[in-house]
Amino acid sequence: MKKRGWSGKRGQGVFGMSFGMIFSIILIIFILAAAFFVIRNFLNLSECADTGLFYDDLQNEVDKAWKSSFYQDIFEVKLPSRITYVCFGGLEKETASAGEREKRDELKSEHGSNSDNVFLYPNSKACDSRLASYNLTHVDIEKFFCIPESGGKLSVKLEKGSFDALVKMMR
């Protein structure tokens with residue numbers, strides 16, 4: 001009679017576990033890895049949705065002001081997470097303060113000759129490169145400026161006089 005290994009059972013290795021037990025452990029590890037992957041992607045999708053909702057809320061408020069004969073209000077909107085500044089104005093505008101020129105130049109190098117007028121900063125923290133900027137319509141932004149987030153929100157002043165064709169955005 002031949003001996004079959006240390007425990008006398010075929011298929012058991014050094015640890016004394018059967019092939020079925022090892023296969024079950026590997027299967028559980030793969031299922032947990034897939035679950036973490038799905039949860040992480042779902043949370044990233046939520047962040048992208050927040051970015052889209054931010055742009056929609058801002059555009060809806062500008063449209064509301066544009067349709068009014070007179071409008072003056074400070075609009076507050078929830079910012080997507082990890083965004084520290086929202087910058088307004090065309091990247092070609094030279095009328096920016098010294099601290100904002102650096103942000104404008106960085107955004108210009110990332111976006112090139114983009115015609116958008118709203119930029120999330122830092123750009124790398126935006127959900128997607130397509131959502132890092134937006135072209136807001138019916139606005140007149142005289143100079144490039146950035147507004148820091150305050151408690152996860154953005155506060156921007158919107159004004160439209162009775163003789164103005166476009167809504168003015170200010171700090």
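**Exercise 1. Classify tyrosine 121 as buried or exposed.**

Step 1. Apply the cut-offs: buried is under 20% relative accessible area, exposed is over 50%, and partly exposed lies in between (1.4 Å probe, protein chains only).
Step 2. Tyrosine 121 has a relative accessible area of 13%, so it is buried.
Step 3. Tyrosine 85 is at 27%, so it counts as partly exposed.

This is a predicted model: local features need pLDDT of at least 70, side-chain atom pairs count only at pLDDT 80 or more, and totals for chains, interfaces and linings use all residues. Residues are numbered from 1 along each chain as its sequence is written, and side-chain values use heavy atoms, without hydrogens and water.

**Exercise 2. Find the geometry of the pair formed by tyrosine 85 and tyrosine 121.**

Step 1. Rings of Phe, Tyr and Trp (its six-membered ring) pair if their centres lie within 6.5 Å; planes under 30 degrees apart are stacked, over 60 edge-to-face, the rest tilted.
Step 2. The whole structure holds 5 aromatic pairs.
Step 3. Here the centres are 6.1 Å apart and the planes stand at 65°, so the pair is edge-to-face.
Step 4. Tyrosine 85 lies in strand β2 (residues 85–88) and tyrosine 121 in strand β3 (residues 118–121), 36 residues apart. Strands are DSSP runs (E, at least two residues), numbered from the N terminus.

**Exercise 3. State which rings the charged end of lysine 103 sits over.**

Step 1. The test: NZ of Lys or CZ of Arg within 6 Å of the ring centre and within 35 degrees of the ring normal.
Step 2. The charged end of lysine 103 sits over the ring of tyrosine 85, 4.2 Å from its centre.
Step 3. It also sits over the ring of tyrosine 121, 5.9 Å from that centre.

Methods:
Helices (H or I, at least four residues) and strands (E, at least two) are DSSP runs, numbered from the N terminus.
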